[in-house]
Amino acid sequence: MPARLLILILLGALNSPDALATEREYAAQGPQTCIGCHDFGEASPVHPLLQGAHGASDHAGTPMAERGCEECHGPSAAHSRAPTQVAPGVSFGPRWITTAAEQDAQCVACHGDDVARHWQGAHHQQQELSCVTCHDIHSARDQVLKPPGQAEVCTLCHKEQKSGIHGLSERAHFNPACSSCHSPHDDQGPHGPMLANRSEGCASCHNLVSMASDPAVSSKANSYHKVMAKADRTCLDCHVGIAHVTAQGVAPLITEASNTREVTLFYPGQSDSEWLLSEHPGSQPLRQGSSCQQCHRGEETAMGSALAAGGFAPASRDIRVRFSADAGSLVVDIDWSGTVEEQDLALMWGDSGNDELARAGCFAACHSDMPGMTRDRGQQLDKYLLASRLQQRQIGRPPIVRDASELAALREQGNFGELWRIKLQDPAEVQSGVLLAGIEWHPAALVQGTARHRNGRWRVTLRRPLQPAAEGLSFAPGRELTLGIALHGPDNPGGKHWISLPLTFATDGINTDFRVN
């Protein structure tokens, strides 16, 4: 068996017996077949690839010297015959869904003997990041391969490092490359790289020779610095935990459950589910299982301002949310500053097994063909989940909704949402319903609520039985749910509202955003 095929099997890219038994077809004219469509002008990403190391056809072992584009993208003859309907053998985004493991297998097949030899089990790999999360071989300049560009890529996730080493943001542009202390391809801490390069990152600013004659440096410190002449020593032997800001400098990626929390709602613009899954820069990790929270926690205010672009105010709203239990019911108290003209408040819930809602929260039910969105053609569609469609509306293709038996099966699997909506008036009007192919409002609401406006603040209280309902979700202990919150003001109907990122809840939660008491 060829070594490349064996590596692909071991890494899980070929994950079924049928995949081994079936020969997939390569394009008849190799890379020329691909270039026929993908070379659409000077801006085509084909050109940077062909001009880089991966495109050097005169160097043995490069992708272009082997099967060309299909060396990385896999057999893609079917894709070349129906490019808008059939995915290439392996897609690297943003349109088609390919797992991180399948993508990594293509890269590790060549790079597994050098930079990626410890990738399996590395922290980034375990977090479902793939090679192309950071690397782009279709770019003239792969940012992470050049020291000045590394921080721009790394801080997309490691947001606390945006302020630079020691929190000295005014000197951040002088900072050493992230890779001078950290190895992204394995699971070791900074000690390994710093031993190998003799604390190169620290030495880029801190000169031990100059410090020896600096009166501000004590003789005791200088004596310790002399030990640095030994090859088995790094600056971290003494100076631990001072390079970057503390954990309080950024919202944690793994939350600690609380019954009360401030939540920032933001203006989402026309960020519909289709855009998020196809054109958004984070569409690939989103499809592969990441949540909006993973990249955007703590950025709600900035996102609202960017999406509003001065045309909608305020771009964000802060609310306080508190959970408690009383006599077998879940009690949710929400309060915020606002005018008496506010319209309604909505909570959208999903079981943790519902991938759409777990990843995207409210965005999962917002689509381009709904009122006020980019492909609104007057259909007057209500919210729905993509799981309810066999085919979405496109040019020349009508939408196809699953039949009643298929929808019933989805509901049986818990693949639906539960929507609560309270009209902000006194007395309040509360609705609850099931969200799937549309919204089916319950004849008698599962939820009761009150809404009062006093001294410039709204106070909303909602109550719902914890136990499972015939037409709803279970909020009983041991069940983790996703929660999205939306607020409509007096002058912003439809999509012009404020929403939260997806939040997590469990009555007995530990690493969820919210828990009871």
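**Loops and a helix**

Biologist: Where is T62 found?
Modeller: T62 lies in a loop. Helices (H or I, at least four residues) and strands (E, at least two) are DSSP runs, numbered from the N terminus. The loop of T62 is the one between α4 (46-51) and α5 (70-73).

Biologist: What kind of model is this?
Modeller: Residues are numbered from 1 along each chain as its sequence is written, and side-chain values use heavy atoms, without hydrogens and water. Local features need pLDDT of at least 70, side-chain atom pairs count only at pLDDT 80 or more, and totals for chains, interfaces and linings use all residues, as this model is predicted.

Biologist: Is T62 buried or exposed?
Modeller: Buried means under 20% relative accessible area, exposed over 50%, and partly exposed in between (1.4 Å probe, protein chains only). T62 has 11%, so T62 is buried.

Biologist: Which residues is T62 in contact with, leaving aside neighbours within four places in sequence?
Modeller: Contact means heavy atoms within 4.5 Å. By that rule, the partners of T62 are A53, H54, A56 and S57.

Biologist: Is A313 buried or exposed?
Modeller: A313 sits in the loop between α18 (300-308) and β2 (316-326). Its relative accessible area is 69%, so A313 is exposed.

Biologist: Why are the buried residues of α10 on the same side?
Modeller: Helix α10 (residues 147-154) has G149, Q150 and V153 buried. The arc is that of the directions from the helix axis to the C-beta atoms. These residues share a side because their arc is only 120°.

Biologist: Which residues are exposed on the other side of α10?
Modeller: What covers the buried residues includes α9 (131-134). The exposed residues on the other side are P148 and E152.
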